[in-house]
Amino acid sequence: MRTVKAAAAAATVALAAGAASIAVGRFASDAALKAPAGGRLPTEPRLTVHATAAGQITLTRDLASRRPGTYGLAGNGSHAVVGPVLDAAAHSADTVVRRLERVTHGTLEPGDKVWLTPNIHLGDPGAALGLDHTDVEVPGELGALPAWFVPAARDTWVIAVHGLGATREQALNVLQFLHGRRLPVLVPAYRGDAGAPRSPDGLNHFGETEWRDLDAAIRYAVGRGAQQIVLHGWSTGATMALRAAAHSALRERVTGLVLDSPVLSWETTLRALAAARRTPGALLPLAVRAAQGRTGLRGDRVQAAVVPEQLKVPVLIFHGPDDTIAPWSLSRALADRNPNQVALRTVPDAPHGAMWNADPAGYEEALRRFLTPLM
């Protein structure tokens, strides 16, 4: 009898441990699979506003608050734009003073919790940049996908697709530049975005299924006169661009790829986001297995799209060693494997998806040189 009871107790403990492991894995994987569009990724620290004055803002001293460049500053109900660190301003040991470019929404008060974001614009191309545009719908496999279309004279179009945790507003950073080159630009939403259909399981798939919505955008562009298409993607949007260039039925129309902080290994990115949620290292494999079970993802299939025999168009990658979500080393390896196709512009001190923010002038000059022969 004692043996039976001991066995039953052991089985109960094992079942409880198994259930706990499943719960831990699901929670950890949610950091990536349920990253809200426009929300704060767990790798981005919350900063405290200590003070504001004419043209400047004082924030908690942190590696994030000392980044070079121009960023959005998001909070609960507020949005502002901050420029470089003001080295000449009075800094305490615990604070950093940056230039405050503008407050675009809400107010900033001492004690507010905020975080840096790549998005320096809010709204659509008209409200944010004064550009004429049309709100259009792209027919996708799950339903209509809202998109912005900014017309221009050329028959080479750019399709700009945002990344993990971002919104279509991410593309606004480069939209004025692209319009200045007379390139029509289509900025589509995809499954899971506001106004777009949800994926059947309600989860992000790191571009592995979402790329079909980008394929729908390619069909839409070609149907409306695009002769050539350059895909410009950030983060998982870059993953989508790689997949579309390899597998779209209209891939011969894709003549160039611009990849900003590309996610080239979904497992590595998921581990990074789960670790940022303070998941112990020993439990990170549970997050990967949970993601596999929930999404059907197996291995890093994006790698099949970046071998030399598959990568048939010029590629420009913007990426930096300080990206804690998508390793720069994978972009470096991609460029090394495809030296005739891939140019890598390394951007130091830039977080994930914010290569333009760290060096807007350098980013746009590299983009100009890349796009000029493709126009």
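Helices (H or I, at least four residues) and strands (E, at least two) are taken as DSSP runs and numbered from the N terminus. The structure described here is a predicted model, in which local features need pLDDT of at least 70 and side-chain atom pairs count only at pLDDT 80 or more, whereas totals for chains, interfaces and linings use all residues. Residues are numbered from 1 along each chain as its sequence is written, and side-chain values use heavy atoms, with hydrogens and water left out.

Just after helix 3, a positive phi of about 60° is found at Arg182. Helix 3 itself spans residues 172-180, and its buried residues include Leu172, Val174, Phe177 and Leu178; buried denotes under 20% relative accessible area, exposed over 50%, and partly exposed the range in between, with a 1.4 Å probe and protein chains only. Leu178 is also among the residues with the most contacts inside the largest nonpolar core, which has 46 residues. Ile57, Leu73, Leu108, Tyr363, Leu367 and Leu371 belong to that group as well. A nonpolar core is here a set of buried Ala, Val, Leu, Ile, Met, Phe, Trp, Tyr and Cys residues joined through side-chain atoms within 4.5 Å. When neighbours within four places in sequence are left aside, Leu178 is in contact (heavy atoms within 4.5 Å) with Val158, Leu183, Val185, Leu367 and Leu371. A second, separate core comprises 41 residues, among them Val138, Phe149, Leu242 and Val342.

Two helix pairs were examined. The axes of helix 4 (residues 211-223) and helix 5 (residues 236-247) come within 9 Å and cross at roughly 60°. Axes are lines fitted to C-alpha atoms, for helices over the stretch in contact, and angles run from 0 to 180 degrees between N-to-C directions. Angles under 35 degrees count as roughly parallel, over 145 as roughly antiparallel, 65 to 115 as roughly perpendicular and the rest as oblique; helix 4 and helix 5 are therefore oblique to each other. Trp211, Leu214 and Ile218 of helix 4 make the contact with Met240, Ala241, Arg243, Ala244 and His247 of helix 5. By class, this contact of helix 4 with helix 5 has six nonpolar, one polar and one charged residues, where Ala, Val, Leu, Ile, Met, Phe, Trp, Tyr, Cys and Pro count as nonpolar, Asp, Glu, Lys and Arg as charged, and the others, Gly among them, as polar.

For helix 6 (residues 266-276) and helix 7 (residues 284-295), the axes come within 9 Å and cross at roughly 125°, so this pair is likewise oblique. The contact involves Trp266, Glu267, Leu270, Arg271, Ala274 and Ala275 of helix 6, together with Leu284, Pro285, Ala287, Val288, Ala291 and Gln292 of helix 7. Nine nonpolar, one polar and two charged residues take part in the contact of helix 6 with helix 7.

Most residues other than glycine have a negative phi. Phe206, in the loop between strand 10 (185-188) and helix 4, has a positive phi near 55° and counts as buried at 3% relative accessibility. Ser235, in the loop between strand 11 (228-234) and helix 5, has a positive phi of about 60° and is buried, with a relative accessible area of 2%.

Gly225 is found in the loop between helix 4 and strand 11 and is partly exposed, with a relative accessible area of 35%. Beyond its neighbours within four places in sequence, Gly225 is in contact with Asp155 and Trp157.
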